[in-house]
Amino acid sequence: MDSVELARFLTAITLAVHIIFATIGVGVPVMFAVAELLGIKKNDPSYTAMAKRWSKGYTITVAVGVVTGTIIGLQLSLLWPTFMQMGGHVIALPLFMETFAFFFEAIFLSIYLYTWDRFKGKWTHFLISIPVILGGSFSAFFITAVNSFMNTPAGFEMKNGKMVNVQPLVAMFNDSFLIRSFHVVATALMTMAFVLAAIAAFKLLRNKFKKDTEYHKKALKLTMILGVIFTLGSMLAGDMSAKFLHQEQPEKLAAYEWHFDTESNADLVLFGFLDEKTQEVSGAVKIPGILS
């Protein structure tokens with residue numbers, strides 16, 4: 001394994017771990033905000049209890065996410081110094097703004113956790129959840145902007161092998177930014193809705209106390225309803241992303257779908273084993289004409 005392969009391996013491991021906590025960071029604040037909102041509107045302590053429990057659990061994942069996120073930041077400089085030297089000044093704005101968004105989220109999360117029953121009006125505490133949601137979402141937006149830049153670079157000119165005449169806003173709001181950001185946020189919300197639904201279902205099945213049954217039923221119903229709503233958004237985002245790839249990066253779409261030759265009415269390949277040498281897929285289930 002040479003240095004490039006090792007760098008890819010280390011980066012892949014870190015990202016694989018961090019994306020779990022990043023998904024939680026985007027999805028859970030919306031969930032406990034909705035739960036608290038229902039608790040206020042219905043005057044139901046069960047939903048308020050959900051918001052309290054989910055926000056406490058969320059705090060632990062934020063702490064772990066800070067560590068993995070910091071490691072990724074270090075890896076950009078230590079493992080990919082040439083990339084940062086060449087293009088770091090182009091993508092510096094979203095990288096800096098992501099840090100600001102995280103601190104914004106963390107500050108209001110601490111206020112949210114320690115101000116239960118501290119305000120005369122319940123709506124005041126609920127409003128504190130909004131900055132937490134915005135902080136987590138904007139953090140995802142800014143990091144996705146960096147990833148989007150790597151796929152659809154913009155906002156600079158290449159002269160003598162250097163990126164000059166940099167336009168930071170153009171670089172950040174590149175062609176794929178909106179579609180990718182929509183996809184990231186929608187799938188994070190969908191994922192966390194169903195994760196919390198799975199926890200509620202498990203607790204409902206294993207519940208030994210009748211007094212908690214109603215609580216788990218309400219949690220399951222709420223998370224499943226939100227999960228279905230967010231799934232529709234994820235389906236739309238996925239469709240838009242695939243169509244964007246078809247127009248802007250057809251080679252990448254073909255690689256995703258295990259197609260080696262350009263063709264009309266291409267099959268959708270499900271499962272199977274890919275042999276890169278023979279460029280064949282064995283044991284696959286193919287649905288004719290679905291892909292294009």
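Me: Of the 292 residues of the protein chain, what percentage count as buried?

Reply: Of those 292 residues, 35% count as buried. Keep in mind that this is a predicted model. Buried means under 20% relative accessible area, exposed means over 50%, and partly exposed lies in between.

Me: Take M31 as a case. Where is M31 placed, and is M31 buried or exposed?

Reply: M31 sits in helix α1. Its relative accessibility is 0%, so M31 counts as buried. The C-alpha atom of M31 is separated by 8.9 Å from that of L196, although the two residues are 165 apart along the chain.

Me: In which helix is F202 found, and how does F202 count by accessibility?

Reply: F202 belongs to helix α7, which covers residues 177–206. F202 counts as partly exposed because its relative accessibility is 48%.

Me: Now salt bridges. What is the general idea?

Reply: Side chains of opposite charge can pair when their charged atoms come close. The cut-off is a side-chain nitrogen of Lys or Arg within 4 Å of a carboxyl oxygen of Asp or Glu. The structure holds four such salt bridges.

Me: What does K218 pair with?

Reply: K218 forms a salt bridge with D44, and the closest N and O atoms are 2.5 Å apart.

Me: Are K218 and D44 buried or exposed?

Reply: K218 has a relative accessible area of 18%, so K218 is buried. D44 also counts as buried, because its relative accessibility is 13%.

Me: Which side chain meets D117 in a salt bridge?

Reply: The partner of D117 is K52, with an N to O distance of 3.9 Å. These residues too come from distant parts of the chain, 65 residues apart: D117 is in the loop between α4 and α5, and K52 is in helix α2. D117 is exposed because its relative accessible area is 70%. K52, at 28%, is partly exposed.

Me: What describes two packed helices?

Reply: Two packed helices are described by the angle between their axes and the distance between the axes. For α4 and α5, the angle is about 160° and the axes are 8 Å apart. That makes α4 roughly antiparallel to α5, because angles over 145 degrees are counted that way. The crossing of α4 past α5 is left-handed.

Me: At what angle do α1 and α8 pack?

Reply: They pack at about 125°, with their axes 11 Å apart. That makes α1 oblique to α8. Here α1 passes α8 in a right-handed crossing.

Me: Last topic: the surface. Which residues form the nonpolar patch?

Reply: The patch on the surface is formed by F96, F100, F104, L127, I130, L134 and F138. Together they have about 670 Å² of accessible area. The elements giving two or more residues to the patch are α4 (92–114) and α5 (122–151).

Me: Which helix gives the largest share?

Reply: Helix α5 does, with four residues.

Note on methods: Residues are numbered from 1 along each chain as its sequence is written. This is a predicted model: local features need pLDDT of at least 70, side-chain atom pairs count only at pLDDT 80 or more; totals for chains, interfaces and linings use all residues. Side-chain values use heavy atoms; hydrogens and water are left out. Patches are made of residues with over 30% relative accessible area and no salt bridge: like charges are joined within 9 Å, nonpolar side chains (Val, Leu, Ile, Met, Phe, Trp, Tyr) within 5 Å. Accessible areas come from the Shrake-Rupley method with a 1.4 Å probe; for residues, only the protein chains shown count as cover. Buried means under 20% relative accessible area, exposed over 50%, partly exposed in between (1.4 Å probe, protein chains only). Axes are lines fitted to C-alpha atoms, for helices over the stretch in contact, and angles run from 0 to 180 degrees between N-to-C directions. Angles under 35 degrees count as roughly parallel, over 145 as roughly antiparallel, 65 to 115 as roughly perpendicular and the rest as oblique. A crossing is left-handed if the near helix is turned anticlockwise from the far one by less than a right angle, and right-handed if clockwise.
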